Amino acid sequence: MTSSFQILSERDYLDLIETIHKLEECETQSGLESVVQTHLFPLFQVDAFGCAEFLGDPSNLVSGKLSPIAAVGYSPQEIEWALLCQPYLTDFTKLYSEGMRTVLATDVDVPRDALTDSFHRFFEEHPEIDRSQAPTLQSMTGHLSIVNVPEVSLAIGLSRVRNDTPFTHRELRMAELLQPSLLHACQYIALRRTLHHFAALAEHLADTPTPIVLVQSEGSIMFCNDSFRNCFQIQQGDRLPQDLCQSIQNQDDIFSPTEALEGLDRFPPFYEIRKTVYRMNLTRLNPMQDFEGRCWLLKFIPALAPQSQAAYAMNRAQLTVRETEVACLVCDGFSDKDIAQRLFISPNTVNNHLKQIFKKMGVHTRVQLAHRLQGIMKGRAPDEC
């Protein structure tokens, strides 16, 4: 009997690995934009790319502003207008704000008409913009969006303009597997740009309330700010605790995968100290160096977002990477069939994962699982859900 579920082809995985290695080599904006044109455009059959930093409250994506990092397929003027469009893409921002997915696309998650309506409202409310000067925005037929939930600080868009073929679960899955490396490359370019505007790293980072540490591969601390010293009670010149060193190694493996793409966790790791839970945000400062010669900038961001609370509950329950993906989709209301299609696995495999998830999370049905995760996201303590 022929299987009814899809799988990614060997060619897909080889293309993904090659793209990831190319992203790993990016050190400049022009280098990133070149990889986008040579690898991402043909891989996803898109005509436009944009990535930007999100400035504002991560829990309110509609009101936040975007600061551009890189773009391909837009004129300089269109880049500015594209950033102004962000508040109009309410279907995307609502799903990101209320759900657990890191990748969304028209035709799969958001109706294509919703994208058209968003740009129509934008142009109607900005009559000063000459539509003929915005060919990419005016003619966009599909959009795939990638963010680093739960505390959103980066957003990436891949858009179809001359190609009106609908996005499929295949492209969505490839984007999910590519997400950590693509976000890291954009984050690295943004960091280099930030450091360029400051005379010294310490001057920029010393007074920020976010605990930050610059560390070498063996765990030696090259720099740390006051917030980090107060939280961890360790100083510059000391070594990080072993569990933090291991987390760095694990995250570095995500940026340089060899073959086990499906086993790599696409959510940043947690770290708890004195009853405060943090998300660990890692940026490799010299990506072309061997592991022994690398250094990393590590930020500890309080895990305050609703999605972080739910993800931490799953982390404490020791869900595997795939079990976490399945649980997130259950939380977002997906059926077993939908989950199988989304993750390119069989419905039987989904059912087996759910049995393990129920056992680890202390629930008996998918309704109870969804109720518990949604309850945590609404602010209820795990034992109240």
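Predicted model: local features only at pLDDT ≥ 70, side-chain atom pairs only at ≥ 80, totals over all residues.
**Group meeting talk: a walk through one chain**

K275 is found in the loop between β8 and β9. Find K275 on your screen. Its phi is near 70°, a positive value in a residue other than glycine. Is K275 buried or exposed? K275 counts as exposed, because its relative accessibility is 80% and the cut-off for exposed is over 50%.

Two other positive phi values are worth a look. Go to Q45. Phi is near 55° there, again positive, and again the residue is not glycine. Q45 sits in a loop too, the one between α2 (29–44) and β1 (48–55). The label for Q45 is partly exposed, with a relative accessibility of 45%. Then there is Q318. It comes just after α11, and its phi is about 65°.

Now step back to the whole chain. How many helices and strands are there? The chain has 15 helices and 10 strands. It is 385 residues long, and buried residues make up 53% of them. The accessible surface comes to about 17800 Å². Carbon and sulfur atoms own 50% of that surface. What about contacts across the sequence? Take the contacts with a separation of 6 or more: 64% of them are between residues 24 or more positions apart.

Next, strands. Look at β10, residues 295–302. Which strands pair with it? One is β6, residues 212–216. β6 and β10 run antiparallel, joined by five bridges. To see the pairing, pick V213 and look across: L298 in β10 stands opposite. Another partner is β9, residues 276–284. β9 and β10 also run antiparallel, and seven bridges join them. Here, pick R279. Its bridge partner in β10 is I301. One general point while we are on strands. In a regular strand the side chains alternate between the two faces of the sheet.

How many aromatic pairs does the structure hold? It holds nine aromatic pairs. Let me show you F232 with F300. The centres are 4.8 Å apart and the planes are at 55°, which makes the pair tilted. F232 lies in helix α9, residues 226–232, while F300 lies in strand β10, so this pair ties together parts 68 residues apart in sequence. F232 is buried, with a relative accessible area of 9%. F300 is buried as well, at 0% relative accessibility.

F300 has another ring to pair with, and that is Y271. What is the geometry of this pair? The centres are 6.3 Å apart and the planes are at 65°, so the pair is edge-to-face. The cut-off that matters is an angle over 60 degrees. This pair also links distant parts of the chain: Y271 is in strand β8, F300 is in strand β10, and they are 29 residues apart.

F228, F232, Y271, Y278 and F300 form one aromatic cluster.

One more ring, elsewhere. Find F167. The charged end of R160 sits over that ring, 4.0 Å from its centre.

Now helix α11, residues 306–316. Which of its residues are buried? They are Q307, S308, A310, A311, Y312, A313 and M314. What do they pack against? The helices are α4 (90–98), α12 (321–331), α14 (347–361) and α15 (366–377). The strands are β8 (270–273) and β9.

Last stop, the cysteines. How many disulfides are there? The count comes to zero. A disulfide needs the two sulfurs within 2.5 Å. C328 is buried, with a relative accessible area of 5%. C331 is buried too, and its relative accessible area is 5%.

First, β10, with β6 and β9 as antiparallel partners. Then F300, paired with F232 and with Y271. Then α11, whose buried residues pack against elements including α4 and β9.

Note on methods:
Residues numbered from 1 in each chain as written. Heavy atoms only, no water. Helix = DSSP H or I, 4+ residues; strand = E, 2+ residues; numbered from the N terminus. Buried < 20%, exposed > 50% of the residue type's maximum accessible area, 1.4 Å probe, protein only. Contact = heavy atoms within 4.5 Å. Areas by Shrake-Rupley, 256 points an atom, 1.4 Å probe, with all protein chains shown as cover. Pairing = 2+ DSSP bridges. Phe/Tyr/Trp six-rings, centres within 6.5 Å; stacked < 30°, edge-to-face > 60°. Lys NZ or Arg CZ within 6 Å of the ring centre and 35° of its normal.
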